Amino acid sequence: MGDDSVNLPPGFRFCPTDEELVLHFLYHKASLLPFHPNIIPDLDLCLHDPWDFINGKTLSSGSTFYFFSKVTENRFTKKGYWMDLDIDEPVLTSAGKKVGIKKHLVFYIGQAPGQGYETAWIMQEYHLCNYGDRTKWVLCRVHERTGNFAECFCCSDDEDNGTELSSLDEMYLSTIDDDLDEINFS
């Protein structure tokens with residue numbers, strides 16, 4: 001990605017499901033496979049506080065920000081830290097196969113641990129399941145909470161938003177399913 005601005009054109013909304021984030025984006029990134037459109041940038045999480053995301057360094061769709069980052073235990077930034085809420089959810093395919101883990105984090109201003117003040121910034125961090133050394137990448141989705149925690153992201157995998165898979169998506173998913181059958185996710 002050559003420029004710093006990766007915002008979508010007016011009228012477009014990026015609102016993928018958890019499954020789509022893991023299979024269409026993170027899987028390809030971790031496997032070094034080409035993927036199109038290549039719209040999610042790489043970002044060093046430790047160099048940016050969440051309010052820095054507004055300036056176009058991430059893919060933004062409304063008030064939700066997406067980026068790839070390297071896996072790190074240390075999630076300290078210039079002014080605070082991301083604290084893991086110990087809420088790990090499995091990411092399942094439509095066939096019920098576990099392909100990833102979604103971790104929930106909240107941003108605190110101040111020194112870690114326990115010396116900070118909780119902010120409204122939350123992050124969902126997506127990991128591939130047991131995928132060898134290709135798991136060095138995570139996909140992050142960040143949003144500033146304005147209401148109920150469950151309402152923080154534009155789309156939920158549980159809601160029926162009227163979208164259907166195209167025949168190309170169905171062919172793609174069957175190819176991915178064949179690849180996933182060869183991998184032991186636990």
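**Surface, rings and charges**

Author: Trp51, Ile54, Ile109 and Tyr117 make a nonpolar surface patch of about 440 Å². A patch takes residues with over 30% relative accessible area and no salt bridge, joining nonpolar side chains (Val, Leu, Ile, Met, Phe, Trp, Tyr) within 5 Å and like charges within 9 Å. Accessible areas are Shrake-Rupley values with a 1.4 Å probe, and for residues only the protein chains shown count as cover. Bear in mind that this is a predicted model: local features need pLDDT of at least 70, side-chain atom pairs count only at pLDDT 80 or more, and totals for chains, interfaces and linings use all residues. Residues are numbered from 1 along each chain as its sequence is written, and side-chain values use heavy atoms, with hydrogens and water left out.

Reader: How much of the chain is buried?

Author: Buried residues are 44% of the 186 in the chain. Buried is under 20% relative accessible area, exposed is over 50%, and partly exposed is in between (1.4 Å probe, protein chains only).

Reader: Why does the Trp51 and Phe107 pair tie together parts of the chain 56 residues apart?

Author: Because Trp51 lies in the loop between α1 (18–30) and β1 (59–61), while Phe107 is in strand β4. Trp51 is partly exposed at 30%, whereas Phe107 is buried at 0%.

Reader: What about Phe53 and Phe65, how are those rings arranged?

Author: They form a tilted pair, 6.3 Å centre to centre with 50° between the planes. Phe53 is in the loop between α1 and β1 and Phe65 in strand β2 (residues 64–70), 12 residues apart. Both Phe53 and Phe65 are buried. Ring pairs also link Phe53, Phe65, Phe67 and Trp121 into a cluster.

Reader: Switching to charges: how many salt bridges?

Author: There are 8, counting a side-chain nitrogen of Lys or Arg within 4 Å of a carboxyl oxygen of Asp or Glu. Among them, Asp42 meets Lys29 at 2.8 Å, N to O. Asp42 is in the loop between α1 and β1 and Lys29 in helix α1, 13 residues apart.

Reader: Is Lys29 buried or exposed?

Author: Buried, at 16% relative accessibility. Asp42 is partly exposed at 41%. Lys29 also lies over the face of Trp137, 4.4 Å from the ring centre; the criterion is NZ of Lys or CZ of Arg within 6 Å of the ring centre and within 35 degrees of the ring normal.

Reader: And which residues are linked in a network of salt bridges?

Author: Asp18, Glu89, Lys102 and Arg141.

Conventions:
Helices (H or I, at least four residues) and strands (E, at least two) are DSSP runs, numbered from the N terminus. Rings of Phe, Tyr and Trp (its six-membered ring) pair if their centres lie within 6.5 Å; planes under 30 degrees apart count as stacked, over 60 as edge-to-face and the rest as tilted.
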